[in-house]
Amino acid sequence: PRKEKKREREEEEAMNALAATNRNFKLASRLLGLDSKLEKSLLIPFREIKVECTIPKDDGTLASFVGFRVQHDNARGPMKGGIRYHPEVEPDEVNALAQLMTWKTAVAKIPYGGAKGGIGCDPSKLSISELERLTRVFTQKIHDLIGIHTDVPAPDMGTGPQTMAWILDEYSKFHGYSPAVVTGKPIDLGGSLGRDAATGRGVMFGTEALLNEHGKSISGQRFVIQGFGNVGSWAAKLISEQGGKIVAVSDITGAIKNKDGIDIPSLLNYTKEHRGVKGFDGADPIDPNSILVEDCDILIPAALGGVINRENANEIKAKFIIEAANHPTDPDADEILSKKGVVILPDIYANSGGVTVSYFEWVQNIQGFMWEEEKVNDELKTYMTRGFKDLKEMCKTHSCDLRMGAFTLGVNRVARATVLRGWGA
């Protein structure tokens, strides 16, 4: 029953994500005055792929899994998006995330469209050799539909650099050595320096740009971070280095709080050893459900979608919310928080650091020339700072909040490319 309930909740969240993305797109489309034909062509995915992946398991039995790839739009360049391995990989969720990638790459002003994919499996129940076989079979089924100038996958939930290495190797058997076909690869196979920290660093640069706009700086601000995985932990490290005070954090093991500020380097060492924040003695344990409503200046949801909703929005005390996760705030909560005067930095801008450095990795692979980490970080700062400026211009033009500013910016750039290519009719 508990598993069934969890599955229902995840399905509902996927439906909500798709509905919220479509709603924001339509609002942006109206603000921009797009005609109905163009609007429809921008909403419908370019291609949806569903494949069966059958592999021999280590015990000799056969197992079948369903793989998906939704290629949403390629008006501005090759499609780009993660591949997730998760038991509940849902077509609706994959659709919503592919569409979000289209707007996100446009907001970041990188020459990509949007895609997303995944395999319905539980990676924790598969051995390394089973995961490798599954990845290679999936690549065999889709290799003709991805490519350096077509669709460039990246890691997502349940996948990582090793998965990308297997995709690269399998793809190269058909097309010759092609490091630019995936990003988020191991450094030894053409991965970019700085990619690991990129999303968290982008969150820090975005936060800096937003606070500067309000005459503030990161230094001295109190932060709460929900989710202490790759993105949350890097954001915490970089923000604390800038003088920000992290007063509470949570992950799947629990939540901790220290009103005087948590010692982040000590916490990072602790989580490496203990695989979670639970039991860290430099802070007090708190109820994980209360993390979002803890007293702070800036709240950073960096875990799952839909966590800020109408049930808890009224209790949120933060003045600013930086959306490091994908769609963490549902439309009802958006409305409530807006009335309270809470400023939300939307996900399609706030967490675009990862895809921006993925773009840098792709560029380095095509050039066959690798950058120093300092250059990667400097370029990321340039892109994030310029992105915020463009976002604010859109807000002024259309008298709207940051979320609508981001959507109008992204949709406008994709619409213009679509019309210029003669696809708008």
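Asn230 counts as partly exposed, at 36% relative accessibility; on this scale, buried means under 20% relative accessible area, exposed over 50% and partly exposed in between, using a 1.4 Å probe and protein chains only. The model is predicted, so local features need pLDDT of at least 70 and side-chain atom pairs count only at pLDDT 80 or more, while totals for chains, interfaces and linings use all residues. Residues are numbered from 1 along each chain as its sequence is written, and side-chain values use heavy atoms, leaving out hydrogens and water.

Asn230 lies in helix 7 (residues 230-241). Helices here are DSSP runs of H or I with at least four residues, numbered from the N terminus. Thr199 belongs to helix 6 (residues 198-213) and is buried, with a relative accessible area of 13%. Leaving aside residues up to four places away in sequence, Thr199 touches Val231, Asn351, Gly353 and Gly354, where contact means heavy atoms within 4.5 Å.

An unreviewed UniProt entry carries the annotation "binding site" for Thr199 and Asn230; such annotations may be inferred rather than shown by experiment. The two residues span 32 residues in sequence, but no two of their C-alpha atoms are more than 8.4 Å apart, so they gather at one spot.

Elsewhere in the chain, the axes of helix 12 (residues 373-398) and helix 13 (residues 402-420) come within 8 Å and cross at roughly 100 degrees. That makes the two helices roughly perpendicular, a term for angles of 65 to 115 degrees. The axes are lines fitted to C-alpha atoms over the stretch in contact, with angles from 0 to 180 degrees between N-to-C directions. Among the residues that meet are Phe388 and Leu391 in helix 12 and Leu402 and Leu409 in helix 13.

Technical notes. Angles under 35 degrees count as roughly parallel, over 145 as roughly antiparallel, 65 to 115 as roughly perpendicular and the rest as oblique.
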